[in-house]
Every structure is written in C-alpha cells, then in structure tokens.
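Please consult the sequence and the structure shown below while reading.

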Amino acid sequence: MFINQVNYGNFMHGLMKENVQLNRKVLSELSMHEPYSFKALVDISRDAFPGNKNIVLPPRKANTSIDV
C-alpha cells in the first residue's frame, strides 16, 4: 500500500522517528478531510526516514472526473 507514493510501513516508521503519535483512524480522517495537513505529515515522514526519499514518483494522470 502506498500513501502519497510512500510505503505505509516507511510512512509509519518516519512518523515514529519524529514522535508523531497518531493512530490509523486519525490518519484516515486527516487524509479524507484535511489533505494538505496529511501531505505535511507525509513530508515529515520522508524527511525523518531516508528510505522514503528514494521513491520514484510515477507520472500523474489528469483528473477527468466531473462533479455534479
């Protein structure tokens, strides 16, 4: 499972190293309702755990969905 192109285990390990103590439910709620805050946590995890920085991001697909 990848979270913003970061492996879940590496993501949690990076948060643990930075002493960020949030459970899976809180992380899930943040990812759904506060995507910019969740992205900040991903960045914190990447900075704390060098293994997270070596991930190659695939090209992004254009969002073609239409909200009615």
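## Histidine 13 and helix H1

Histidine 13 lies in helix H1; helices (H or I, at least four residues) and strands (E, at least two) are DSSP runs numbered from the N terminus. With a relative accessibility of 30%, histidine 13 is classed as partly exposed, the class between buried (under 20% relative accessible area) and exposed (over 50%), with a 1.4 Å probe and protein chains only.

## Basis and confidence of the model

The model is predicted: local features need pLDDT of at least 70, side-chain atom pairs count only at pLDDT 80 or more, and totals for chains, interfaces and linings use all residues. Residues are numbered from 1 along each chain as its sequence is written, and side-chain values use heavy atoms, with hydrogens and water left out.

The chain has a mean pLDDT (the predictor's confidence in each residue, from 0 to 100) of 78, and 65% of its residues reach 70 or more. Confidence is highest in H2, with a mean of 93, and lowest in strand S1 (residues 2-3), with a mean of 56.

## Overall organisation

The chain contains two strands and three helices, arranged along the sequence in the pattern β-β-α-α-α. Of its 68 residues, 22% are buried. Among contacts (heavy atoms within 4.5 Å) with a separation of 6 or more, 59% join residues 24 or more positions apart.

The accessible surface of the chain is about 5500 Å², and carbon and sulfur atoms account for 55% of this area. Accessible areas come from the Shrake-Rupley method with a 1.4 Å probe; for residues, only the protein chains shown count as cover.

## The nonpolar core

A nonpolar core is a set of buried Ala, Val, Leu, Ile, Met, Phe, Trp, Tyr and Cys residues joined through side-chain atoms within 4.5 Å. The largest one has eight residues: Val6, Phe11, Leu15, Leu27, Leu30, Phe38, Leu41 and Val42. At least two residues of this core come from each of helix H1 (8-17), helix H2 (24-33) and H3. H3 provides the largest share, three residues.

Leucine 41 has contacts with Phe11, Leu15, Val20, Leu22, Leu27 and Leu30, when neighbours within four places in sequence are set aside.

Helix H3 (residues 35-48) comprises 14 residues and spans 20 Å from its first C-alpha to its last, close to the 20 Å expected at 1.5 Å a residue. The expected span is 1.5 Å times one less than the number of residues. Phe38, Leu41, Val42, Ser45, Arg46 and Ala48 are the buried residues of H3. They lie on the same side of H3 because they cover an arc of only 170° around the axis, the arc being that of the directions from the helix axis to the C-beta atoms. The exposed residues Tyr36 and Asp47 are carried by the face turned away from this buried side.

Arginine 46, located in helix H3, is buried because its relative accessible area is 16%. Arginine 46 and phenylalanine 11 are 35 residues apart in sequence, while their C-alpha atoms are 7.3 Å apart in space.

## Asparagine 19

Asparagine 19 is placed in the loop between H1 and H2 and counts as exposed because its relative accessibility is 55%. Asparagine 19 is not a glycine, yet has a positive phi of about 60°. Most residues other than glycine have a negative phi.
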